[in-house]
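Before this model goes into any further calculation, I would ask you to read the points below alongside the coordinates.

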Amino acid sequence: MLILRPIALGDLEPLLALAELLDSMNLPSDRDFLEARIRASLRSFGGGLSDWRDGVYMFVLEDLSTGRVIGTSLILAKNGRPDAPYYWLAVTTEERRSSELDRRFVHTKLQLRSTTDGPTEIGGLILDPAFRAHPEKCGKALSIVRFAYISMFVERFEREVIAEMLSPFIEPGRNLLWDAFGRRFTGLDYREADHLSSRSKQFIADLFPVDPVYTILFPEEVQAVIGQTNETAKAAVAILERLGFHYLNQVDPFDGGPYYGAARDAISSVRERRQLVLPGRVCEVVPGPDAPLALVSAQAALGFRATVVPLDARSAPLLSTEAREALGVSSGDRVSVTPLP
């Protein structure tokens with residue numbers, strides 16, 4: 001039995017182990033940073049925030065049979081505040097022609113942009129590789145749980161939602177675009193810059209060029225990775241595209257990874273969530289392997305909990321006694337149902 005729940009202080013060690021698999025800005029392999037982020041998540045889920053924009057919601061996927069935390073994902077209620085702007089590189093094109101030479105060029109340009117009134121951001125999705133082919137679609141569950149939660153508490157989130165995807169890397173801690181661009185303007189290697197940006201991004205505004213940069217000036221292998229997705233992130237992108245996300249013509253200032261976005265209320269997992277009252281009938285029959293699956297979530301006695309269950313022929317969720325106990329719900333309680341794409 002797998003359960004999705006808010007992270008707890010006792011999850012720090014397994015979170016560190018998961019972070020080592022990705023080591024991104026949203027989830028760096030940094031004990032102090034992750035402990036602070038867990039505490040921020042506890043305040044957010046517990047309603048202890050004076051400003052909803054400070055919200056940090058970290059979810060973990062736990063295998064109840066072993067007690068192991070095998071995955072995580074998160075929501076940042078707002079990325080971009082007066083004290084912490086949100087930065088990106090806008091990707092635009094410029095056409096140039098010469099009638100004298102009978103030549104035409106379309107140049108790609110990168111230009112630093114920022115806002116102090118940014119969107120909600122989802123990210124930090126990591127799954128233990130041993131569970132990537134699990135029949136309960138663990139990766140999809142870790143992605144969809146964020147939208148299930150957003151749809152339950154829309155007042156805590158912005159109307160626009162973005163996701164930053166990692167680009168290809170030469171090796172851990174080495175990125176072609178950073179070496180050709182960011183490093184030349186900051187004097188920092190990629191890992192130093194990425195870890196620093198998790199605490200402060202002021203150096204980006206101070207040191208990055210403000211004028212457009214023509215990518216034709218970069219080596220061809222650098223141009224080829226701008227806006228491209230790391231192999232490990234392609235499955236996550238496919239899920240987001242099915243939910244209504246699209247490429248924003250924006251890339252990360254550090255690694256050139258693409259930003260995807262969608263209007264919150266247009267995301268299918270937000271729009272199509274159903275609420276129902278849990279019936280008294282308990283289903284203990286195991287359906288066939290081809291039965292469609294859905295994420296059932298509830299804010300009940302145990303706080304927020306979610307799990308993956310099969311649907312019957314009428315698209316009603318089949319909750320066993322074990323599933324009800326894991327969710328902390330009983331007959332008559334309200335639950336939400338979000339289909340897995």
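1. Serine 315 is partly exposed, because its relative accessible area of 37% lies between the limits of under 20% for buried and over 50% for exposed. Serine 315 sits in the loop between strand S13 (303-310) and helix H10 (321-327), and its phi is near 65 degrees, a positive value in a residue other than glycine. Please keep in mind throughout that this is a predicted model, and that most residues other than glycine have a negative phi.

2. A second residue with this kind of backbone angle is asparagine 249, whose phi is near 60 degrees, again positive without being a glycine. Asparagine 249 belongs to strand S9, and it counts as partly exposed because its relative accessibility is 43%.

3. The strand pairing around S9 can be followed on both sides. Strand S4 (residues 86-98) and strand S9 (residues 246-251) run antiparallel and are joined by two bridges, with alanine 90 standing opposite glutamine 250 of S9. S9 is also joined to strand S10 (residues 258-263), in antiparallel fashion, by three bridges, and here tyrosine 247 has tyrosine 260 of S10 as its bridge partner. S9 and S10 form a hairpin with six residues between them, and in the turn glycine 256 has a positive phi of about 75 degrees.

4. Which side chain of opposite charge is nearest to aspartate 255? This residue, aspartate 255, is found in the loop between S9 and S10; it is buried yet has no salt bridge, and the nearest side chain of opposite charge is that of arginine 191, 11 Å away. Not counting residues up to four places away in sequence, aspartate 255 touches Met165, Leu166, Ser167, Phe169, Asn175, Leu177 and Tyr190.

5. Aspartate 63, in strand S2 (residues 56-63), also deserves a look, and it counts as buried because its relative accessibility is 10%. Its side chain makes a polar contact of 2.6 Å with the side chain of serine 65. Aspartate 63 and leucine 2 are 61 residues apart in sequence, although their C-alpha atoms are 4.7 Å apart in space. Leaving aside neighbours within four places in sequence, aspartate 63 is in contact with Met1, Leu2, Arg68 and Phe131.

6. In helix H8 (residues 234-243), the residues Val237, Ile239, Leu240 and Leu243 are buried. Seen down the axis of H8, its buried residues fall within an arc of 160 degrees, so they line one face of the helix, whereas Ala235 and Arg242, on the other side, are exposed. The buried residues of H8 pack against strand S6 (120-127), helix H3 (138-152), strand S7 (160-164), S10 and helix H9 (268-271). Just after H8, glycine 244 takes a positive phi of about 115 degrees.

7. Threonine 215 lies in the loop between strand S8 (213-214) and helix H7 (220-223), and it is buried because its relative accessible area is 6%. Residues up to four places away in sequence aside, threonine 215 touches Thr108, Leu110, Gln223 and Ile226.

8. Arginine 5 and aspartate 11 meet through their side chains at 2.8 Å, N to O; arginine 5 is buried at a relative accessible area of 11%, and aspartate 11 is buried at 6%.

9. In another salt bridge, the side chains of lysine 78 and aspartate 117 meet at 2.6 Å, N to O. This pair links distant parts of the chain, with lysine 78 in the loop between strand S3 (68-76) and S4 and aspartate 117 in the loop between strand S5 (103-115) and S6, 39 residues apart. Lysine 78 counts as buried at 9% relative accessibility, whereas aspartate 117 is exposed, with a relative accessible area of 56%.

10. Arginine 97 and glutamate 95 form a salt bridge of 2.6 Å, N to O, between their side chains. Arginine 97 counts as exposed at 62% relative accessibility, and glutamate 95 as partly exposed at 42%. Finally, Asp51, Arg53, Asp54 and Arg81 are linked in a network of salt bridges.

Notes:
Residues are numbered from 1 along each chain as its sequence is written. This is a predicted model: local features need pLDDT of at least 70, side-chain atom pairs count only at pLDDT 80 or more; totals for chains, interfaces and linings use all residues. Side-chain values use heavy atoms; hydrogens and water are left out. Two strands pair if DSSP finds at least two bridges between them. Helices (H or I, at least four residues) and strands (E, at least two) are DSSP runs, numbered from the N terminus. Buried means under 20% relative accessible area, exposed over 50%, partly exposed in between (1.4 Å probe, protein chains only). Lys and Arg count as positive and Asp and Glu as negative; His and the chain ends are not counted. A salt bridge is a side-chain nitrogen of Lys or Arg within 4 Å of a carboxyl oxygen of Asp or Glu. Contact means heavy atoms within 4.5 Å. A polar contact is a pair of N or O atoms within 3.5 Å; within protein, one must be able to donate a hydrogen and the other to accept it, and residues adjacent in sequence count only if both atoms are side-chain atoms. The arc is that of the directions from the helix axis to the C-beta atoms.
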